[in-house]
Amino acid sequence: MKDEIKALLLIISLSFGLTIVVLSLVHLQSMIFPLISLAVSDSINPCTFVIYTMFLIALSLKESISKRRIYAIGLAFVVAIYISYYLLGVGLVIFTKSIPTWIAGIVSILFGGYTVITGYLEKSRVAGKKKVRKSIFRQEASILGAFALGVMVSFTLLPCSAGSYLIYAILISKIGKALTWILLGLYNIIFVLPLLIILFTVGSITESKSLSQKIVQRSRELSIVAGSALIILGIYVLFFY
């Protein structure tokens with residue numbers, strides 16, 4: 001079995017397991033399907049891998065950088081994305097509190113269709129891709145620099161995942177405040193999971209870069225799968241949620 005398929009299966013199985021356990025513990029089994037559909041489709045979003053591949057390539061070009069240093073810098077980058085995305089999610093939850101749930105179903109279907117079409121046509125949805133590339137390759141190989149880069153990159157991912165995140169925010173904004181923050185945290189753990197898996201489970205930076213590049217090459221298939229999942233979720237929300 002190819003490495004990229006193994007990685008994707010690991011991502012999906014961990015996502016399923018973590019989601020089911022947490023939602024069962026807080027008695028929110030009805031959120032299992034929506035959360036899995038949205039978080040997994042977002043976590044395997046080709047846009048994320050495009051930017052992460054740039055980051056790994058930039059790291060691999062740095063001379064005399066140890067494996068431990070790569071892990072520390074890569075982790076700082078991922079943590080920055082997690083924190084930034086979580087805070088963006090807090091804003092979305094507050095913004096969507098008064099929006100009816102059925103709107104989430106319509107947005108899911110529309111955004112799913114958009115994802116399928118742009119994926120099939122292989123159109124990039126990364127905002128300011130050239131600017132991001134320059135920033136990544138210009139950045140020093142430091143933990144602080146990687147963290148700052150991760151914060152900036154979070155905003156370039158919005159055109160790719162704003163639909164999924166908006167849908168999720170609408171759904172969880174109707175739940176109690178404490179549980180909302182837990183569900184938001186869970187979504188973002190799953191969102192960064194593929195980046196952590198690539199960083200820590202592959203033997204070297206060269207192999208990590210190669211694996212990430214191979215996943216990017218599957219961007220059409222990934223977009224179609226993610227978009228189809230969003231369309232199915234939209235129908236589910238409209239008729240059964």
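**Close-up 1. Helix H4 meets helix H7.** In this contact (heavy atoms within 4.5 Å), H4 residues including Ile73, Phe77, Ile81 and Leu88 touch H7 residues, among them Phe147, Leu149, Val151 and Phe155. By class, 17 residues are nonpolar, three polar and one charged. Here Ala, Val, Leu, Ile, Met, Phe, Trp, Tyr, Cys and Pro count as nonpolar, Asp, Glu, Lys and Arg as charged, and the others as polar. The model is predicted: local features need pLDDT of at least 70, side-chain atom pairs need 80 or more, and totals for chains, interfaces and linings use all residues. Residues are numbered from 1 along each chain, and side-chain values use heavy atoms, without hydrogens or water.

**Close-up 2. H4 and H7 pack at an angle of about 35°.** H4 spans residues 67–96 and H7 residues 143–156. Helices are DSSP runs (H or I, at least four residues), numbered from the N terminus. Their axes, lines fitted to C-alpha atoms over the stretch in contact, lie 7 Å apart. Angles run from 0 to 180 degrees between N-to-C directions.

Conventions:
Helices (H or I, at least four residues) and strands (E, at least two) are DSSP runs, numbered from the N terminus.
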